[in-house]
Amino acid sequence: MKIDLNQLFNGSQQKIDIDSSFDMSALEYSAYNPLKEPVKVVGAVTTKADVVYLDMTVSYVFNGVCDRCAEEINREFSFDVNRIVVEELQNEEDDDGFLIVTNRELDLDELVNEEIVLSLPSKILCKDDCKGLCPQCGANLNVNKCNCKKEVDPRMEALLQLLDEEDK
C-alpha cells in the first residue's frame with residue numbers, strides 16, 4: 001500500500017489516517033511462518049509547522065513454538081512507530097527517527113515488513129520462567145518432574161565418592 005504524501009508536503013492537507021491490515025503469512029522466522037493472522041496497522045501521517053510526522057501502532061499475533069519446551073504459543077505483540085518523514089537528509093549520519101521517502105510516496109508495506117522483522121524477539125518463550133525439556137528423557141519440565149539422574153562432570157566424580165563415603 002502506497003500513501004501519496006504530496007498534499008501533506010505542499011500544505012494543502014493536514015492529516016492522512018491509516019487503518020489497514022496486511023497479510024504477512026509468507027514471512028519466515030526460524031524456519032516457520034509465525035504470522036498467520038493479518039497484521040493490523042492504525043495511525044496517521046500528519047503535518048505540523050511544515051514537518052510531516054508518521055505515528056502508527058502495529059499489532060500482530062505471533063504463532064510459534066517455545067524455544068525451550070517446544071510447546072505451541074500464540075502471543076500478541078504491539079509496538080509504536082514514530083518517525084519524521086523527509087524527502088532527503090542533509091547529514092546521512094542523522095537518520096535516527098527519520099523516514100526517507102522518494103517521490104513523496106510512503107510504501108507502507110515495506111515499512112511494516114521491516115519494522116516487524118526488527119521487532120521479532122530473538123528467543124520466544126511460552127513464559128519467562130519456562131523450564132524447558134529434560135536433556136535425557138525429553139520430558140517437559142513445566143508439566144512434570146522427571147526422575148532422571150543428573151550427569152556428573154567426570155572431574156567432580158572423585159569428590160562425589162568422598163561425599164558418599166562420608167554419608168555412610
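Contact is taken here to mean heavy atoms within 4.5 Å. The structure is a predicted model, in which local features need pLDDT of at least 70 and side-chain atom pairs count only at pLDDT 80 or more, whereas totals for chains, interfaces and linings use all residues. Residues are numbered from 1 along each chain as its sequence is written, and side-chain values use heavy atoms, with hydrogens and water left out.

Asn-140 lies in the loop between helices H2 and H3 (157-167), helices being DSSP runs of H or I with at least four residues and strands runs of E with at least two, numbered from the N terminus. With a relative accessible area of 12%, Asn-140 is buried, a term that denotes under 20% relative accessible area, as against over 50% for exposed and partly exposed in between (1.4 Å probe, protein chains only). When residues up to four places away in sequence are not counted, Asn-140 touches Cys-69, Glu-71, Gly-132 and Leu-133. With Glu-71 there is also a polar contact, side chain to side chain, at 3.3 Å; such a contact is a pair of N or O atoms within 3.5 Å, of which, within protein, one must be able to donate a hydrogen and the other to accept it, and residues adjacent in sequence count only if both atoms are side-chain atoms.

Cys-66 is placed in the loop between strands E4 (51-65) and E5 (72-86) and is buried, at a relative accessible area of 3%. Its C-alpha atom is separated by 13 Å from that of Tyr-29, a residue 37 positions apart along the chain.

Helix H2 (residues 108-119) has 12 residues and, at 1.5 Å a residue, should span 16 Å, in agreement with the 16 Å between its end C-alpha atoms; the expected span is 1.5 Å times one less than the number of residues. Its buried residues are Leu-108, Leu-111, Val-112, Glu-115 and Ile-116. Seen down the helix axis, these residues fall within an arc of 125°, so they line one face of H2, the arc being that of the directions from the axis to the C-beta atoms. Exposed residues Glu-110 and Leu-118 are carried on the face turned away from the buried side. The N-terminal end of H2 is capped by Asp-107, a side-chain oxygen of which lies 3.3 Å from the backbone nitrogen of Asp-109.

Asp-107 and Glu-110 also belong, with Leu-99, Ile-100 and Leu-106, to the residues nearest the centre of the largest pocket, which is lined by 13 residues. Strand E6 (98-100), strand E7 (105-107) and H2 each give two or more residues to this lining. Val-101, in the loop between E6 and E7, is buried, with a relative accessible area of 4%. Not counting residues up to four places away in sequence, Val-101 touches Leu-5, Phe-9, Val-85, Val-86, Glu-87 and Leu-106. Val-101 and Glu-88 are 13 residues apart in sequence, and their C-alpha atoms are 7.6 Å apart in space.

Conventions:
On a 1 Å grid over the protein atoms alone, a cavity is a set of points where a 1.4 Å probe fits but cannot get out, and a pocket is an open set with protein on both sides within 12 Å along at least five of seven lines; lining residues have an atom within 4 Å of a point.
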